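This report describes a protein model, one topic at a time. Please keep the structure in view while reading.

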Amino acid sequence: MSEAAKKNTQEDVAIQIIGMHKWYGEFHVLKDINLTVERGEKIVVCGPSGSGKSTMIRCINRLEEHQQGQIIVDGIELTNDVKKIDEIRREVGMVFQHFNLFPHLTVLENCTLAPIWVRKTPKAEAEAVAMKFLERVKIPEQAKKYPGQLSGGQQQRVAIARSLCMNPRIMLFDEPTSALDPEMISEVLDTMISLAEEGMTMICVTHEMGFAKTVADRVLFMDAGEIIEQAPPQEFFENPQSERTQLFLSQILHNA
Amino acid sequence: MAIVKTERHADMPPPVTQTGVIGWMRENLFSSPLNIILTLVSIYVAWAAISSIVSYAFINANFAGETRADCTGSGACWVFIKARFGQIMYGFYPVEERWRVDVGVILAAIGLFLILSDVVKEKKWPAAYMFVFVPIACFFLFSGGYFGLETVETSQWGGLFLTLVLASVSIFVALPLGIVLALGRRSTMPVVRMLCVGFIELIRGVPLITVLFMASVMLPLFLPEGVNFDKLLRALVGMSLFSAAYMAEVVRGGLQAIGKGQTEAASSLGLGYWQSMGLIVLPQALKISIPSIVNTFIGLFKDTTLVLIIGLLDLLSIVKAGTTDKEWVGMATEGYVFVAAVFWVFCFSMSRYSVWLENKLHTGHKR
């Protein structure tokens with residue numbers, strides 16, 4: 001890589017994945033993944049279940065380990081170096097399908113835990129920041145409650161606020177609305193849309209095609225561990241190139 | 001045709017049978033002929049048992065007096081316990097030094113109260129007091145030899161005092177050690193894991209008596225001439241390691257129940273292994289293990305009586321020794337009933353505390 005290209009990488013590119021492969025034992029889950037995400041770009045990843053969407057984004061913050069190829073996040077290459085992994089995790093927020101809030105802590109404590117222990121922010125300051133983000137996701141009045149007392153949609157919004165409290169530069173969403181009752185999906189999507197409007201770099205694994213159409217800069221279709229097609233949403237939905245994509249879209253749009 | 005409900009139904013109070021005392025009794029005690037029979041039989045059995053216990057232990061019992069000759073009633077003769085009370089509490093600890101034991105126990109009781117109760121919210125200082133100051137203070141108080149305190153050999157320790165020393169030291173060592181062993185057993189590092197598995201399985205595979213026997217009889221044979229550990233210390237090490245192995249499995253059960261999502265969420269926020277364990281996983285795992293942890297503590301508390309096999313005079317052994325006194329022939333029942341009552345009070349308190357703690361830590365995610 002030339003000096004100029006390297007500089008370019010660090011300034012405009014948030015995530016770069018080059019020739020990445022991953023196996024679960026004998027099973028080849030991810031095959032030759034190449035992806036460049038620019039700063040501020042919003043990417044929606046879709047595809048049938050078992051196609052490796054979640055695994056791919058979980059590789060980006062090393063919840064899963066890749067065995068071949070390179071992943072460069074914010075100019076730092078992911079290796080076994082624990083220090084670098086921690087550095088990347090601090091910059092990359094993640095929202096899970098099942099929220100994974102800490103049930104033994106209040107909503108506010110959920111949000112302040114990482115800033116206090118990882119960033120060493122003073123407690124009062126961390127709480128002020130947390131309240132700011134809880135207001136942004138429109139549930140400041142729930143701050144003293146425990147996650148178990150909240151509805152699914154509220155829990156997921158807390159999970160988003162919890163990630164934002166670490167001031168991440170990149171957000172990963174792993175099917176954030178799949179575990180929610182239909183009436184709660186929109187409150188979470190609204191939060192995500194407002195986040196996107198502020199220019200956050202986002203990668204979302206989701207089946208919410210409406211969200212993809214409004215927000216995404218690019219839609220990725222994955223099948224059997226490969227990225228089959230990627231295109232801006234309009235092109236992707238109106239004129240899909242590959243047969244697999246066409247079949248997938250006809251199935252999910254038909255059901256929706 | 002569409003059916004539309006225009007008026008909302010008002011909230012109503014529940015039916016009377018679900019609320020009042022009479023309603024409750026009718027519902028739960030006298031709902032069917034079989035239920036009526038069972039209720040009456042149970043009441044009779046309870047009455048028969050309680051009345052005979054009360055008449056044995058209180059109504060027909062002797063409380064006053066000094067010697068065996070004062071045992072005149074048909075019930076229990078508590079004179080025996082009274083006459084030997086000092087020994088039962090302190091063993092052969094010199095009479096004029098027993099205040100040291102009292103002070104130590106009071107210091108520990110204050111610490112326990114501060115740690116376990118709700119009175120003080122900030123636990124940093126109570127914890128420092130309880131886990132640093134109290135053990136050191138108790139060590140010097142009980143064994144003496146410093147600050148002008150007369151040395152009291154551990155062979156003179158005994159009775160309830162010794163039982164409490166054995167139980168509390170084992171508990172305080174077993175819990176942290178058990179947690180470390182449980183984490184080690186789940187470690188991804190093969191050597192650490194194998195060491196922990198080996199230790200747990202070895203210790204769990206042998207009876208406590210064997211461990212105590214090994215510690216007190218066999219160990220000195222392997223040590224070089226002149227090196228001699230205190231017998232009580234050896235028993236303490238044996239008991240602590242033994243209960244740590246059990247504790248490890250209890251804690252591992254709790255750890256197993258915490259979903260992978262919790263550690264993933266912690267990692268994704270940038271928390272390291274120890275932070276994620278200490279702040280996220282262990283608090284939850286220990287909370288759901290409270291019943292089993294207290295169960296192990298209760299078992300351990302009663303297992304301390306096994307030290308009689310290596311000649312330590314704990315509560316049970318000293319009472320047993322007392323019953324063989326020829327001045328007090330036939331007092332075995334009173335002795336054992338008293339020991340049982342003391343053990344029951346301690347174990348039942350632990351059990352109630354665990355229930356209280358479970359309710360306190362319940363944060364509404366349980367349904």
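Asp174(A) has Val205(A), in β8(A), as its bridge partner. The model is a predicted one. Strands β7(A) and β8(A) run parallel and are joined by five bridges. Strand β3(A) also runs parallel to β8(A), and four bridges join these two. One residue of this second pairing is Lys42(A), whose bridge partner in β8(A) is Met202(A).

Is β8(A) enclosed or open to the outside? Five of its five residues are buried, so β8(A) is largely enclosed by the rest of the structure. Thr201(A), Ile203(A) and Val205(A) are buried on one side, while Met202(A) and Cys204(A) are buried on the other. Both faces of the strand are therefore covered.

## The whole sheet

Strand β8 belongs to an open sheet of six strands in chain A, in the order β6-β7-β8-β3-β9-β10, with mixed pairing. At the edges are β6 (92-95) and β10 (226-231) of chain A, each of which pairs on one side only. From one strand to the next, the twist averages 20°.

Strand β3 (residues 42-46) of chain A runs parallel to strand β9 (residues 218-223) of chain A, with four bridges between them. Within this pair, Val45(A) stands opposite Leu220(A) of β9(A).

## Helices on the sheet

Helix α2 (residues 53-60) of chain A lies across β3, β6, β7 (170-174), β8 (201-205), β9 and β10 of chain A. Its direction is at about 150° to β7(A). Helix α7 (residues 182-197) of chain A packs on the sheet too, where it touches β3, β7 and β8 of chain A. The angle between α7(A) and β8(A) is about 150°.

## Where the chains meet

In the contact between the chains, 21 residues of chain B meet 25 residues of chain A. The size of an interface is often given as the accessible area lost when the parts come together. Here the area buried between chain B and chain A is about 2000 Å², and carbon and sulfur atoms give 63% of it.

One salt bridge is found across this interface. It joins the side chains of Glu264(B) and Arg58(A), at 2.6 Å from N to O.

## Cysteines

How many disulfides are there over all chains? The count is zero. For Cys165(A), the closest cysteine sulfur is in Cys111(A), and the 4.5 Å between the two sulfurs is too far for a bond, since a disulfide needs the sulfur atoms within 2.5 Å.

Cys165(A) is buried, at a relative accessible area of 8%. Cys138(B) also counts as buried, because its relative accessibility is 11% and the cut-off is under 20%.

How values were computed. Residues are numbered from 1 along each chain as its sequence is written. Chains are lettered from A and ligands numbered from 1 in the order in which they are written. This is a predicted model: local features need pLDDT of at least 70, side-chain atom pairs count only at pLDDT 80 or more; totals for chains, interfaces and linings use all residues. Side-chain values use heavy atoms; hydrogens and water are left out. Buried means under 20% relative accessible area, exposed over 50%, partly exposed in between (1.4 Å probe, protein chains only). Two strands pair if DSSP finds at least two bridges between them. Axes are lines fitted to C-alpha atoms, for helices over the stretch in contact, and angles run from 0 to 180 degrees between N-to-C directions. Contact means heavy atoms within 4.5 Å. Buried area is the accessible area (1.4 Å probe) that two parts lose on being put together, summed over both. A salt bridge is a side-chain nitrogen of Lys or Arg within 4 Å of a carboxyl oxygen of Asp or Glu.
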